[in-house]
Amino acid sequence: DDQSIANIGRWPWPRDVHAKVIDQLTQGGAKTIAHTTLFFEPQVDRGLQPLTHIQSLIAQAPAGDPLAFRLKPVVEAAIHDLDTDATLVASVQRSGRVVLPLVFDLGVPLGRPDQALPDFVRQHAAPLDASTQFLGTTHVSLPFEAIGRAARGVGHLNQLPDAGDGTVRADVLLVDHDGLGIPSLALQTAAQSLNLATSELKPAGDGLLRLGGITIPIDDHGRVFTQFYPDKDGKPPFVQDSFFDVYSGKIPASKYAGKIVAIGATALLVGQSI
């Protein structure tokens, strides 16, 4: 949000910033962390490559070289500080509760994809019901591999605003990517919070899907119409807290114990609430 950007700095933030909050939420007992930031490309600091080169030269120095001995811990510490991707991946791995997004181009495919989806996506595929015409895909943008493998699950973040007024009134629960049912981030988050796999999603007939003890009504394209909740006493139904307030410790992470936490951008020109 705007307050967070004012305090932490311009967007996008270094990834160790995200790692710190994931660690805090995990230690606070959050049930599931749905992180909507698109970690599609590695975030490599320009100083990292020369430092890794120096590190390799130190490794080749003769045993007992005093300069290499003094430089080694300094260079290792600098690499650790600059390699924020490694810090984030380690945080996601430790947590075991983070669900990450991928994004498809929706449309009718004219052929087969150039490459198969990686295992960290395929393992979360859900069965498709032949009676439903799920939306097809033509291209996919994925989290970079290391963080994708570390995540608890992945789900697509595609939305279909209504043509009339641009409002999002439905969630596309599943899309058809080369015969695989890829769940939405919302569905994946719900499944993980119930300790279920999306592969356990089962058609129940008559436009219904069953996930554990929940029956979900869908339309002919696999969409569920979302519930809208009114404000109560002038406040939104779902509490929105500033990222910076959690990051700085002003809000204790224990507030989110047992809860689903969605992390997303609402700052001006960065994101929006829908």
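Let me begin with a definition: a residue is called buried when its relative accessible area is under 20%, exposed when that area is over 50%, and partly exposed in between, with a 1.4 Å probe and protein chains only. By that rule Thr37 is buried, with a relative accessible area of 16%.

Before I continue, a word on the source. This is a predicted model, in which local features need pLDDT of at least 70 and side-chain atom pairs count only at pLDDT 80 or more, while totals for chains, interfaces and linings use all residues. Residues are numbered from 1 along each chain as its sequence is written, and side-chain values use heavy atoms, with hydrogens and water left out.

I return to Thr37. This residue sits in the loop between β1 (32-35) and α3 (48-60); helices (H or I, at least four residues) and strands (E, at least two) are DSSP runs, numbered from the N terminus. Its side chain makes a polar contact of 3.3 Å with the side chain of His35. A polar contact here is a pair of N or O atoms within 3.5 Å; within protein, one must be able to donate a hydrogen and the other to accept it, and residues adjacent in sequence count only if both atoms are side-chain atoms. Setting aside neighbours within four places in sequence, Thr37 is in contact with Trp11, His18 and Pro101, where contact means heavy atoms within 4.5 Å.

What of Arg112: buried or exposed? Arg112 is exposed, at a relative accessible area of 66%. It belongs to the loop between β2 (98-106) and α6 (119-122). The side chains of Arg112 and Asp178 are joined by a polar contact of 2.6 Å. Arg112 and His177 stand 65 residues apart in sequence, and their C-alpha atoms are 9.3 Å apart in space.

I turn now to charged pairs. Side chains of opposite charge can pair when their charged atoms come close. A salt bridge is counted when a side-chain nitrogen of Lys or Arg is within 4 Å of a carboxyl oxygen of Asp or Glu, and the count comes to eight. One of them links Arg149 with Glu145, the closest N and O atoms being 3.5 Å apart. Both residues lie in helix α7 (residues 145-150), four residues apart, about one turn of the helix. Arg149 is exposed at 54%, and Glu145 is exposed at 52%.

Another salt bridge joins Asp219 and Arg223, with the closest N and O atoms 2.7 Å apart. Asp219 is buried at 16% relative accessibility, whereas Arg223 is partly exposed at 24%. There is also a network, in which salt bridges that share partners join Asp162, Asp165 and Arg169. Within it, the closest N and O atoms of Arg169 and Asp162 are 2.7 Å apart.

Finally, the aromatic residues. Rings of Phe, Tyr and Trp (its six-membered ring) pair if their centres lie within 6.5 Å; planes under 30 degrees apart count as stacked, over 60 as edge-to-face and the rest as tilted. How many aromatic pairs does this rule give? The count is five. Trp11 and Trp13 form an edge-to-face pair, 5.0 Å centre to centre with 70° between the planes. Trp11 is partly exposed at 29%, while Trp13 is buried at 4%. Why is the pair of Phe243 and Tyr247 stacked? Their planes lie at 20°, with ring centres 6.4 Å apart, so the pair counts as stacked. One aromatic cluster is formed by Trp11, Trp13, Phe243, Phe244 and Tyr247.
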